[in-house]
Amino acid sequence: MNRDGCVRLLMTWIISCQTQTAEMSVAAAHLESIGVNTTDVAFRHKRRHPISTLPVTTEMERGFQSFTNDDRRMLCKSIIAIGKTRLWNNTRTTTTLADADAAYYHSEEEFLCERHDGSDVPIDGTEEQIRQLRALLNNGTLISAESTIEVYIDEQIQAVVDSGQGSSSSTPMHVILPPGDIVLQESYVRSNQRLTYEGEKPVIVVRVIDKNGLAVPDDANTVSDKVFGTSGDTSTMRSQFDACSFHKLEIVWHHSCSIRKELSAPGVLEVNIDVSLRDSDTDTIRAAMVNAAQEKLGFDLPGPFHHVMFVLEGCYYQNCGWAAYAYINSWLSVFQGAFYKFPAVQMHEIGHNLNMAHSGGFDRQTYTDHTCLMGNPLYSDDLTKMCYNPAKSFQMAKAGAWYSKDHAITWDSGKIGGTHWAGRIIGVAEYNVNSASYPIVIKLITGTSRDIFVGFNRAVGPNTDNQQASDEVTITEAGNGYDYSQSYLQVTLAAGQIQYFPNWRGSYYTLTVTVNEINISVSPGYADITIAFGPQPPPTKKPTSQSHSPTRKITDPPVPTTTYMPSYFPAYPESSELQTSNTDNLNKSIKGLMFAVKANQDVTIRAFDMYASRNTKSAVTIYTQPGDYDSGKDGTGWDVVWHDTLRLKNKETTSLGGFDVKISSGMTQSFFIYVNEGMMIKKTASAGEPFEQDEAIIIYEGTAFRREFHNIVGSGQYGGAIKYDLS
């Protein structure tokens, strides 16, 4: 290590401590011996504040590290979570939807300790501790850049000096979580305005040049144009935030500080760092470029800026392969290669700064919701027109930004059934022409930590470039809608389609979302939907005549309302069950049984009680189709009405429900119950014969399967009970 590197390392160590120790005295003496005056170190580094440390009084064992009395204990100013978009194969450009899906894989947040001197250091812990941090972040308990925690610190400065490698800026320290479960401390409340969703948001872009001259090939003026549109680019983060917010959020490059002489182009600062992109890890590069920007600007970041975007030529070292990453609920974002100029990637990372989590798809991977910018949808310089999904729009509205809180509805179905919501919803893309005040999102309270969000994905205007389920109703699962929470797209519905939520809130009744109509020939386009929970009261009869004219002509559109079952209606239709008489003779273990049920009256099948063949946890799926099942043995024509993972008990009943399968009198409906870990039936010589009936339904012997729609292994009788309502 050269003299300057050693000096920087020792000086940084001295000013990062609050109390004078023997080791610090030795370091200071060494600096004095080589002509460095340490008395004004604190003055010359007045932008840095000392870290508060306490000695560790006992030795603590960890799975990966043993602590000694030389270690230090400190309280982070805050925990900062990082949202990363990771590349599967380190490819630094992805341009199509198919490529994007192929190139990306499931990713989780990482965590930093924000120190009291303004620097950030990675947090290490056991797998279980990191899992706990992620869970606390996604349920709103841990607030990134606000919540804090106690950690252990071991800088090992002397070891670095003795090794002759690195300097203080290129060897970022790691901190270590104490043993046991995560214990969060009181949150640090910030007072600046960078996390606001409306008004002017000053942004600065930092074009980074490494010690070997590596930088993105675009010059500062091009970078400025790609982010701010300063040279006429009309597809930028600035233009799209303006469109999605309907002019309520404005990305600007001017600010309150006079630093124009330091800028290379409007809103763009260029800095040189003394480390190599090819040989340095992500943490080292981040520390170097933040320090370089602060030195050039003369103040600590973020300073007057709400967001600071760093642009690197590429990423080559360990833990690489990300397209971009950002501090959650904070100010910093980092982009590599061409990704910096893709507006959707910019808005994705700034979305993290605004406390938005990722949006996953049907496969429950992190990025695969292509109806939302927090998924993985648009990788192009020119594709810009896309906004956020219903869960994120709800979060925005409830924060008092972009959309009125009145247009983000929360609907509580209750727990006993008989309630519904009916009306029209519109897409956020046409929020500016919503004179009828239709809602843009409906949150369905589930009674759990995860709620359901229903919206209309109108592909027009600022959402024209949407990549999935255009002009369809989308149903998304997320947290409570107020905090950071990973969302997952559950289903998309066209006109006439229905989504079933069996056993809603543990009631054994089903909640349905029905799309009655989609009309995009008007402005705003709308989806007319009905959300119904459990059995509904009979419709009120319309009067056959009217004795007088109404006093007022009603011209306003119908207002969606919650309707509770009137007390003079029966609470539920008559409920019954048919218990099979063979339960003492169940003699064969199979995985699937396909059988038919015929109705003698109008009935609605609600649930099955099934006998398991072993003590285990198992996935169970129920399929159905009208008529007999002869043509469906290969899996053709079936619909899934229920699926869950349950704890089974050997030769005891497990309830499978509820769902709604209506069978008209005289009609036959087929069912296929498939239990991954096995169910018990009574073996028979053939299928198709009736073996159990009551006044409402008849159950027929069925066909047994060893695999789902494969490997028929004979015939048998269903054993257990079928629960139904008389319609």
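Trp-322 is buried, with a relative accessible area of 1%, where buried means under 20%, exposed over 50% and partly exposed in between, for a 1.4 Å probe and protein chains only. The model is predicted, so local features need pLDDT of at least 70 and side-chain atom pairs count only at pLDDT 80 or more, whereas totals for chains, interfaces and linings use all residues. Residues are numbered from 1 along each chain as its sequence is written, and side-chain values use heavy atoms, with hydrogens and water left out.

A pair of aromatic rings is described by the distance of the centres and the angle of the planes. Rings of Phe, Tyr and Trp (its six-membered ring) pair if their centres lie within 6.5 Å; planes under 30 degrees apart count as stacked, over 60 as edge-to-face and the rest as tilted. The count by this rule is 26 aromatic pairs. One of them joins Trp-322 to Tyr-325 in an edge-to-face arrangement, with 5.0 Å from centre to centre and 85 degrees between the planes. Tyr-325 is also buried, at a relative accessible area of 1%.

Another edge-to-face pair is formed by Phe-394 and Tyr-482, at 5.8 Å centre to centre and 90 degrees between the planes. This pair links distant parts of the chain, 88 residues apart: Phe-394 is in helix α11 (residues 390-398), and Tyr-482 is in the loop between β20 (473-478) and β21 (487-493). Here helices (H or I, at least four residues) and strands (E, at least two) are DSSP runs, numbered from the N terminus. Phe-394 is buried at 0% relative accessibility, whereas Tyr-482 is partly exposed at 44%. Elsewhere, Phe-241, Phe-246, Tyr-388, Trp-402, Tyr-403 and Tyr-431 make up one aromatic cluster.

Rings also meet charges. A charge sits over a ring if NZ of Lys or CZ of Arg is within 6 Å of the ring centre and within 35 degrees of the ring normal. The charged end of Arg-278 sits over the ring of Tyr-316, 4.4 Å from its centre, and that of Lys-723 sits over the ring of Tyr-508, 5.8 Å from its centre.

Turning to the cysteines, a disulfide is a covalent bond between the sulfur atoms of two cysteines. With the criterion of two cysteine sulfur atoms within 2.5 Å, the count is 2 disulfides. In one, the sulfur atoms of Cys-76 and Cys-113 are 2.1 Å apart. The torsion about this S-S bond is about -120 degrees, so the disulfide is left-handed. Cys-76 lies in the loop between β2 (72-75) and β3 (78-86), and Cys-113 in strand β4 (residues 110-114), 37 residues apart. Both Cys-76 and Cys-113 are buried.

A disulfide also joins Cys-244 to Cys-387, with 2.0 Å from S to S; at -95 degrees about the S-S bond, this link is left-handed. Cys-244 belongs to helix α8 (residues 237-244) and Cys-387 to the loop between β15 (359-360) and α11, so the pair ties together parts that are 143 residues apart in sequence. Cys-244 is buried at 0% relative accessible area, and Cys-387 is buried at 2%. And what of Cys-372, how far is its sulfur from the closest cysteine sulfur? The distance is 9.5 Å, to Cys-387, too far for a bond. Cys-372 is buried, with a relative accessible area of 0%.
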